[in-house]
Amino acid sequence: MALAAGMFAVAPWMIDAAPYEATMGLVYKIYFFHMPSAWMFLTAAIVAGVASFRLLFLKRPRADHWVTAAAELAVVFGAFTLVTGPLWARKAWGVWWVWDARLTSSLMLFMIFVAYLLLRKYGGPGSDKLGAGLALFGMANVPFIYVSVNYWRTFHPPTSVVPTLPVAMGIPLWYCVTAFTLLFVILLRLRARLEHQRARVEALYLAEDEA
Amino acid sequence: MNAFARIVWFVVKKDLTVEVRSLEILSTTMFFAVTVVLMFSFGLVVDGRPLNDVAAAILWVAIAFSGTLALGRTFERERHNDTLRALLLAPADRPALYVGKLLGILLLLGLVELVLVPLIGLLFNAPVIEQAVPLLLLVGAGTLGFAAVGTLFAAMLVRARSRDVLLPIMLYPMTVPVMIAGVRGTAALFQPTPDAAVAQFWLSLLAAFDVVFVILALWTFEPVMTD
Amino acid sequence: MRLLRILFVLAALTAVPSVALSKEAQPKPPADFVPVENAPPGEQIPAMPLLGTAYGFIWVGVFGYVWSLARRLRKVETEIAELEAKRR
């Protein structure tokens, strides 16, 4: 499998990331994991949305595997983001949580995907299409959540840390982004493969019944 | 009347006829909504005076809770008599079925809100009568948005397991913008000096939400219900 | 899945030197401890616990997820192997 090469690239990332980090106030280093996690969270959400569209409207049944995989990864990376964020915020802002646009919309998106996983697990047959519908609606919802919360709480300034980072910080950041992206792609493919294998098991059982 | 409207009318009439006979869903949902309002009022009133903006929040939470209940019960009725499958088998435009169910739910929730809003006005001295028109628009738009998503999800879940708890799990995160907009708009109207501009902003957001989500639901209803 | 196991071992091996290296590079927290509640944001607050928790969470998360995925994949693959053997 071509995955092997990717895996080996992902593994040593831990070593290299640590020494590169600039000592700009210790806790800011959380950012190196927080931001890529957030990006992967959103990417997973988008993948889930696109795959849902393909499942429902382009009638590609195997797209369902990708929706499930992406949704699970969205929950995983969403959890990373929503845990590392407050840990950083505790030091940077003095509070664990605020109800500003970005945090609230991220939390809502996270909840939508948790709901998706619950639906797939406990909803019984037919929940693949339902889940896809949920994921699609979730995607459509994001701009609304963002706009509404933006006007709801004008408390904290947006958390958008300046992209004009000094190079010393830029390198480890992009390194981490690359590492996270690789990790995401690999995990997505593996997870989709799991779904595909599960479908094969079902097909095998069905064939057995017919035989 | 063209075919679409006729089907919508049939569905609404059917639901109305069934409901009018027993008034089961209406009366129980109404009482539930009133109970929710009272429960929250007890919890959130300190020293005889409510916290700021609490009236608006309570109203919308009550709408959300009772709406979820009404949705679940309405479609449970369909499932119980297996009428949904009959509906789907009929040579009817799927989106028309959706609109028919949606109108039925809106009617039901509208009646409940007709009781809730004056109750809130009574309990919290909120300017319900003075702000009647803007309130009507806000509550109407919010309920439409909530019901649009809710009807789709409830219909989707009819054949699913654990549907009772899955409906709120799916519905509440999705309707967060509706809740935020509804509460903030209503709160703006309930202020000592009502802020019409702010209320109008939230109303327009609700309208945009309604348009997007009704269209999206109409679009998704067909592929999601085919099985 | 052998490859996932290799990933595991490798990542685990890299954990030790990276932790050691990171401990060396960080400046020591200030001797005078200022509780978070009293200090205005921006002051030097002991951040190691927060940092450690954050990174630790991600580490545990990534490993945990990879492990869970590997376990599930293994289960399915054995099931497939059994079914195919039965078919023959």
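Predicted model: local features only at pLDDT ≥ 70, side-chain atom pairs only at ≥ 80, totals over all residues.
Modeller: Local features here need pLDDT of at least 70 and side-chain atom pairs count only at pLDDT 80 or more, while totals for chains, interfaces and linings use all residues. Residues are numbered from 1 along each chain as its sequence is written, with chains lettered from A in the order in which they are written.

Colleague: What makes the radius of gyration of chain B agree with that of a compact globule?

Modeller: The radius is taken over C-alpha atoms, and the globule rule is 2.2 Å times the number of residues to the power 0.38; for 227 residues a compact globule would have a value near 17 Å, and chain B has 18 Å, so the two agree. Along its principal axes, the C-alpha trace of chain B spans about 55 × 30 × 30 Å.

Colleague: What share of chain B is called buried, and by which cut-off?

Modeller: A residue is buried if 20 or more other C-beta atoms, placed from the backbone, lie within 10 Å of its own, and such residues make up 48% of the 227 in chain B.

Colleague: How do you know which residues of chain B and chain A form the contact, and how many are there?

Modeller: Two residues are in contact if their C-beta atoms, placed from the backbone, lie within 7 Å, and the contact takes 25 residues from chain B and 28 from chain A.

How values were computed
Buried ≥ 20, exposed ≤ 12 C-beta atoms within 10 Å, placed from the backbone.
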